[in-house]
Amino acid sequence: MAVSIPEPLTTEFAKLNSSIIAGPVVRHCDVSQLNFWLVTTQAYDFTFKLYCSNNDKRLKKTDSVSKHSHQLLFETKLSASKTDSSKTESTSTNTNKKVNASQLQQIQIGESAFINLITIVPEDHCSEGAFPENTLLSYDIITSAHNGKTESITELSHLLYPDQKLPNLIIKPSIENLLHGSCRKPHYKSEDGLKQVDCVLQASDVDNRPSMLIMSGDQIYADDVAGPTLKAIHQVIDMLGLYNEEFELDAELNKHTVTNSQSLFKHQHSYYQRQHLLPTHTQRTFFGDKILPIFTSVHVNNHLMTLSEVMAMYLLTWSPELWEKVKLATPPPNLSQALQAVYKKELEVITDFHQGLYEVRRAMAHIPVYMIFDDHDITDDWNLTRGWEEAAYTNPFARQIIGNALIGYWLCQGWGNAPDKFTDLLTNQTQYFSSKKREHKAELIDALFDFEQWNYNLNTTPKIVVLDTRTQRWRSESNENKPSGLMDWETLSDFQQELIKEPSVIVVSPAPIYGVKLIETIQRIFTLCGKPLAVDAENWMAHSGTANVILNIFRNPKTPPKFIILSGDVHYSFVYEVTHRFRKNSARIIQVTCSGIKNTFPETLLTVLEKLNKVLYSTYSPLNWFTKRRRMKIRVRKPNTKTHRHLFNGSGIGVLRLHKENDEVITEFITSQGRTIEFIEYDSDED
């Protein structure tokens, strides 16, 4: 709900309701460390308190997560002035440096905007030097300003469930139940599926609470932004004093009238017409040179360009705090009547989205959240082909736009997944974010482009392996316009090493490894016509090298006999059971594709494609015989709806349940309206 305040906004930060403007979000948690991400308006010191319920004993199944007694486990004070990530000690000889003391890491991104990552490690008096598992752990985070004023997160009333005194979390290394999903576009006209996480947590007792929430791509849409959201972004930039930046332009390739963030925000094309401001490249053809856009998304007209825009987008995507201070009723000036109508329609959806963020913020403060990027977190065509990479990364302005989005991902998503991996990047963070010198910003972008540790593993049971399918691609040498493989040979080899001797594993792949045949065929046709960007022709089978290696990994007798693959990206949901033939111990693979959290596929088009797929690739179809994947057998799990479709099209959140007693894997989807859809075994086979 928008609150009327005078425009233009001023930097009167005291008007904000709280010192904490986003978060806390529970990030990586295990018995050795707890991590919390939050954004504050000042460089606060913190007091962290951890409480254990019922004297560190497991609650009974009948106990409510919102009604429990608190016993102080320990209390620690964290000072930003003493934080020096370069002094982080290591207790390991490998590349993952482990924190052995609680610490606060703080990065200033504006005059009144500080990103904080709080890492808490067990104190000596914790049982066996580790946090207790399967036990309700309540926590409090208290900010302390230099003037002596303190504020507890409990003062954020909407952060707590009814009758609850403190937010809480549970460390559950044995995975019996987890939530997952991808593709959350704020202005898509549906309910926010992430709100259902809040409903699940509120209804769960300790035994049945999910272990974690895995968000497998497109947590923000940097390349597809609603007009009202962009207007809110610009007001937040002004409100928090997010830093300005100069653009690095190539005068010959980019004849722009914008040279910095301020000139961009005031430009007549700043709203709904950014396709005229985004960088282009020259393609030499037989018929002469052609000027082509680098960013080709059909919704590129509000593409985020500056780091301040990206950071404001993250704050507005996860927290309601700043929405309460922006004024959106009036469209931006200089819009045509048609665009004003678009703006007003988008505003209705964005208003509903904002109102649902109270539940989203509360949910993310109560469950460990893990994330990995996909295309829209950066831009739609991100590293799709070798030709795109050559055009984008040789253009200084395009490189800066991509780099800004990647910085945002690092600070708001990647950092919390595996904090120990980012020690070296944080060493020079002061000069990166406080200096106005362009070369320091370019150094950071170069470092992030060279960074090869976006992937990560979780030492759970079963083990969780999260794949980076975006930055280490298998590029085509024969044709610059052919889709790149999602992972190159070296990265796939490292992936295989993570699987050896594991009895079972959960793999998080942003894109499905096994896709719908007809849709992949259409993508292949567009690729042959030299238009892979037109259909986002990026799937595991689009590149023969990547396809052969990943399938060989599944067939290798040294890799686990049981795989669960969690994927997203496609904006519809389905479940495949895959068996690979010609393997001594045939692997059982269950792929659960859950997409989107707040997005869907065009319904009419999906209906047509699914019907054609059934006709053309049915068991007894001649076309299926010639295209049969003979080394594998695929069974489709059908959703228990009244239709006979196996693709479910709707916004919501996925649920994965594992039952050890009978080795059963239950796959469910909770729609954004709260209806539970279960994917059950289906008689017919695709292959």
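Mentor: A residue is called buried under 20% relative accessible area, exposed over 50% and partly exposed in between, using a 1.4 Å probe and protein chains only. This is a predicted model, in which local features need pLDDT of at least 70 and side-chain atom pairs count only at pLDDT 80 or more, while totals for chains, interfaces and linings use all residues. Residues are numbered from 1 along each chain as its sequence is written, and side-chain values use heavy atoms, with hydrogens and water left out.

Trainee: Is Cys 52 buried or exposed?

Mentor: The cut-off for buried is under 20% relative accessible area. Because the relative accessible area of Cys 52 is 1%, Cys 52 is buried.

Trainee: How many disulfides does a search of the whole structure find?

Mentor: A disulfide is a covalent bond between the sulfur atoms of two cysteines, and here the criterion is a pair of cysteine sulfur atoms within 2.5 Å. By that criterion, the number found in the whole structure is zero.

Trainee: Which cysteine has the nearest sulfur to Cys 594?

Mentor: Cys 594 is counted as buried, at 2% relative accessibility. Cys 594 is in no disulfide, and the nearest cysteine sulfur, 9.2 Å away, is that of Cys 183.

Trainee: Which residue in strand 2 is the bridge partner of Cys 29?

Mentor: Strand 1 and strand 2 (residues 33-40) pair in the antiparallel sense over six bridges. In strand 2, the bridge partner of Cys 29 is Leu 34.

Trainee: At what angle do helix 2 and helix 4 pack?

Mentor: Axes are lines fitted to C-alpha atoms, for helices over the stretch in contact (heavy atoms within 4.5 Å), and angles run from 0 to 180 degrees between N-to-C directions. Angles under 35 degrees count as roughly parallel, over 145 as roughly antiparallel, 65 to 115 as roughly perpendicular and the rest as oblique. Helix 2 and helix 4 are therefore roughly perpendicular to each other, with their axes 9 Å apart and an angle of about 105 degrees.

Note on methods: Pairing = 2+ DSSP bridges. Helix = DSSP H or I, 4+ residues; strand = E, 2+ residues; numbered from the N terminus.
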